[in-house]
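Here is a short walk through a predicted model. Keep the structure in view as you read.

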Amino acid sequence: MNLDFKHSRFSSVIVLLAGLIIAILSAFQATAKEKEKPAGNMIYRESIHSVRFFRDGWEFSMPVFELGSDQHLVLRFDDLSDQVNNYSYTITHCDFDWFPSRLLPSEYMQGFNENPINDYKQSINTTISYVNYFLAIPNENAKLLLSGNYLLTVFEEGKRDKPVLTRRFYVLEPLTKISGIVKNATFDSYKGPNQEIDFNIDYSRIKMQDPRTEVKVSVLQNSMEDNALTSLKPQYIRDNQLVYDFNKENIFPAGNEFRNFDIKNIQTNGFGVKSIDFINPYFHINLQTDVLRNAGIYKMENDLNGHYLVKNDRANDPELESDYVLVHFSLQTPQPLTEGDIYAFGELSDWKCTPYNRMTYNVKNKLYEGTLSLKQGFYDYHYVYVEKGSPGINHIALEGSHVETENDYQILVYYHGFASRYDRLIGFRTINSVKQ
């Protein structure tokens with residue numbers, strides 16, 4: 001009896017110690033993860049411009065391709081340093097929150113973990129010289145084996161710790177069916193300028209023990225990540241269906257249609273262009289002065305939902321023959337906004353608010369003014385407001401919000417079972433607010 005008692009006490013101590021060790025390790029890992037910065041779409045070198053990453057065949061698509069299919073993603077970017085650099089890339093598997101997963105490269109990729117970018121060409125007959133780089137994924141050196149979130153990192157050969165740019169992309173296992181609708185917000189407090197996204201996820205093709213905890217979803221508006229919904233839980237579950245039908249949790253401000261301008265031909269004023277001047281070595285494109293739209297009525301406009309198209313009407317190969325020009329923006333405001341800053345925003349700013357696209361106030365002309373170096377093409381843009389000290393981007397303070405606005409909503413569905421080691425991407429669909 002005494003030996004049994006001692007053995008029991010010893011076992012209890014061992015269990016307590018094991019639990020304490022696990023708790024300490026978990027806390028350490030959580031703290032370490034908090035200190036890491038989630039991977040994002042970034043450009044780290046000023047000479048890098050016009051970074052685009054899309055599914056081959058549709059330039060305005062999100063970089064999503066189906067596992068095991070013949071689909072490819074295309075990365076294009078220009079280096080205005082006017083010299084060929086030996087760029088290489090790596091691919092990292094990430095979890096739902098875009099931290100690197102615990103998988104080894106050999107588990108999620110067949111091929112080499114580091115590969116050179118060998119496809120590049122110099123610009124032709126342009127006033128500003130550049131080198132255009134091209135990469136297709138997957139390729140013979142890098143084949144992805146698992147679904148989920150991935151990060152592509154481009155760096156100069158031998159300088160892996162100093163990335164030039166990073167891009168997020170997605171590999172899909174189509175194991176679910178997503179149905180949904182975009183409608184006017186139904187909750188009284190949100191009616192008017194907001195859109196509600198209701199959707200169902202059919203998971204009958206995959207066995208789940210507890211779908212409520214094993215499934216995560218991310219909902220994006222026009223591929224933007226700064227205002228994505230990532231904490232939605234199903235309202236209820238029925239017949240292998242996860243139902244997301246809320247009144248306020250799945251709400252987005254509808255915003256306004258994007259403004260746009262046409263610089264496909266810099267010999268004549270295109271849409272939205274006031275004047276064109278050549279001051280060696282740049283063409284200067286002066287856009288029509290914009291006005292605030294936060295108090296106006298809705299006006300239907302055709303747009304690209306914030307994207308842009310590289311195009312030169314006078315060229316055979318727009319990627320190599322399109323010139324870089326300085327585009328001058330101006331926004332009429334009666335007085336400066338002293339509590340924050342205004343930015344020209346869209347894919348043209350890499351969906352970021354940085355000193356590169358921040359505008360300054362001209363007291364004499366009562367205008368916010370800004371200049372961007374852009375490649376010839378057709379561009380969408382918005383003006384956004386960022387309050388000082390706030391990490392959030394206000395998309396509607398200057399542009400207004402109307403429920404009639406046409407928007408694309410991307411829904412991504414992830415699965416992490418109890419025995420899983422990574423987050424699988426098992427569903428993806430784009431739902432349009434007008435074409436449903």
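Glu399 and Arg259 are both buried. They form a salt bridge, with the closest N and O atoms 3.0 Å apart. Glu399 lies in the loop between strand 29 (377-387) and strand 30, and Arg259 in strand 20 (residues 259-262), so the pair ties together parts that are 140 residues apart in sequence.

Lys375 and Glu319 are also both buried. Their side chains meet in a salt bridge at 3.7 Å, N to O. Lys375 sits in strand 28 (residues 367-375) and Glu319 in helix 4 (residues 318-321), 56 residues apart. Both belong to a network of salt bridges that includes Arg52, Glu59, Arg76 and Asp78.

A further salt bridge joins Glu225 to Arg168, with the closest N and O atoms 2.9 Å apart. Glu225 is in strand 16 and Arg168 in strand 12, so this pair connects parts 57 residues apart in sequence. Glu225 is partly exposed, at 31% relative accessible area. Arg168 counts as buried, at 13%.

Now follow strand 16 into its sheet. Four strands form an open, antiparallel sheet in the order 16-15-30-31. Strand 16 (224-229) and strand 31 (424-432) are the edges, each pairing on one side only. Strand 15 (residues 215-221) and strand 30 (residues 408-415) pair over seven bridges. Lys216 stands opposite Tyr414 in strand 30.

The largest has 29 residues, and Phe77, Ile91, Leu144, Leu152 and Phe169 have the most contacts inside it. Among the strands that each supply at least two of its residues are strand 2 (48-55) and strand 12 (163-172). Apart from it lies another core of 26 residues, including Ile285 and Phe329.

Note on methods: Residues numbered from 1 in each chain as written. Predicted model: local features only at pLDDT ≥ 70, side-chain atom pairs only at ≥ 80, totals over all residues. Heavy atoms only, no water. Pairing = 2+ DSSP bridges. Core = buried A, V, L, I, M, F, W, Y, C linked by side-chain atoms within 4.5 Å. Buried < 20%, exposed > 50% of the residue type's maximum accessible area, 1.4 Å probe, protein only. Salt bridge = Lys/Arg side-chain N within 4 Å of Asp/Glu carboxyl O.
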